[in-house]
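Hi everyone, thanks for making time. I'd like to walk you through one fold today, so please have a look at the model on the screen.

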Amino acid sequence: MENESSNTLKLPPIGVGTYDLKEEQILDAINVGYRLIDTASQYGNEEAVGKAVRRSGISRNDILVSTKLWNEDIRQRRTREAFFESLRRLDMDYVDLFLIHWPAEGYEQAWIEMEKLHNEGYIRAIGVSNFHKKHFEVLEGVLSIRPVVNQIESHPRFHNQDLIDYCKDRGMQIQAWSPFGGTGARMLQNDVLVRIAQKHQKSSSQIALRWHTQRGIIPLPRSANKYRLRLNTDIFDFELDCEDMLLIDSIDTKKRLGANPEAFDF
């Protein structure tokens, strides 16, 4: 059982987002080297994640599995029940990381229950997703354990740097969902990324992911294609220079593509 003050977890520098992925595709991700698997009850594929982890033959201790508490479960005050439903679907004894998916009404009570599950040894570390400063200020009033992670929207067109700095100042690790800016953003065809990719003989997706890791952020790219899954991990044999980083910084529109965590309706 974990000590109640211990909420630390060393995370790999990159993970795989599994939204809408099937068992075989998740297994492909593990086989090409991903060791951080990000799922959620809302994705409807926790069972597939569990099966892929077991089929991989990789020791459970060597794969970090992250899942999330959905909004309706937060609102209905059923954090504990929802967690054990996730655990049963995963068919695991514990999860490595359990996150509040969005700051839905009742997230303070959800956090208290998550602390209990952590202290009981069912969760190695607890964190949040899509939390802003105002949500952390509320959480401060009830927490005994600080979040280890905030998983947020961040990509070349929406850096979200102020929130990243705020979280890092408080010891949180940052994960980036949709690290390319989503399929509708056409981010990977951006002239700046394409130019930098040509310079380094890499793909624009690799440039975007390298930009994240050099900012100290853990990107969670999603792909159903085994070649692209492998490509996305091949980002640690080169480095972006200051000019590259500044050029990518210039892309920032300060406009999010996803829902606003302070005004969502789901």
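Let me begin with the ground rules for strands: two of them pair if DSSP finds at least two bridges between them. Helices (H or I, at least four residues) and strands (E, at least two) are DSSP runs, numbered from the N terminus. What you see is a predicted model, where local features need pLDDT of at least 70, side-chain atom pairs count only at pLDDT 80 or more, and totals for chains, interfaces and linings use all residues. Residues are numbered from 1 along each chain as its sequence is written, and side-chain values use heavy atoms, with hydrogens and water left out.

So, the sheet. With that rule, strand S4 (residues 95-100) pairs with strand S5 (residues 123-129) in the parallel sense, over 5 bridges. There, Ile-100 has Val-128 in S5 as its bridge partner. Zooming out, 8 strands make an open sheet, ordered S1-S2-S3-S4-S5-S6-S7-S8, with parallel pairing. Strand S1 (16-17) and S8 are at the edges with a single partner strand each, so one side of each has no neighbour in the sheet.

Let's stay with S8 for a moment. Its partner is strand S7 (residues 173-177), and the two pair in the parallel sense over 4 bridges. Trp-177 stands opposite Leu-220 in S8. In a regular strand, side chains alternate between the two faces of the sheet. Which residues of S8 are buried on its two faces? Ile-217 and Pro-219 are buried on one side, and Ile-218 and Leu-220 on the other. Buried here means under 20% relative accessible area, with exposed over 50% and partly exposed in between (1.4 Å probe, protein chains only).

Now the helices against the sheet. Helix H4 (residues 79-90) lies across strand S3 (64-69), S4 and S5, and runs at about 140° to S3. Helix H7 (residues 161-169) lies across strand S6 (149-153), S7 and S8, at about 175° to S6. For these angles, axes are lines fitted to C-alpha atoms, for helices over the stretch in contact, and angles run from 0 to 180 degrees between N-to-C directions.

Next, helix on helix. The axes of helix H1 (residues 23-31) and H2 come within 8 Å and cross at roughly 45°. H1 and H2 are therefore oblique to each other; the scale is under 35 degrees for roughly parallel, over 145 for roughly antiparallel, 65 to 115 for roughly perpendicular, and oblique for the rest. Among the H1 residues that meet H2 are Ile-26, Leu-27 and Ile-30.

How do H9 and H11 compare with that scale, and what is their angle? Helix H9 (residues 204-214) and helix H11 (residues 242-249) pack at about 105°, their axes 11 Å apart, and therefore they are roughly perpendicular to each other. Ile-207, Trp-211 and Gln-214 of H9 make the contact (heavy atoms within 4.5 Å) with Met-245, Ile-248 and Asp-249 of H11.

Asn-45 sits in the loop between strand S2 (36-38) and helix H2 (46-56), and it counts as buried because its relative accessibility is 5%. Its side chain makes a polar contact with the side chain of Thr-39 at 2.7 Å. A polar contact is a pair of N or O atoms within 3.5 Å; within protein, one must be able to donate a hydrogen and the other to accept it, and residues adjacent in sequence count only if both atoms are side-chain atoms.

Pro-12 lies in the segment before S1 and, at 18% relative accessibility, counts as buried. Leaving aside neighbours within four places in sequence, Pro-12 is in contact with Arg-35, Leu-36, Leu-64 and Ile-218.
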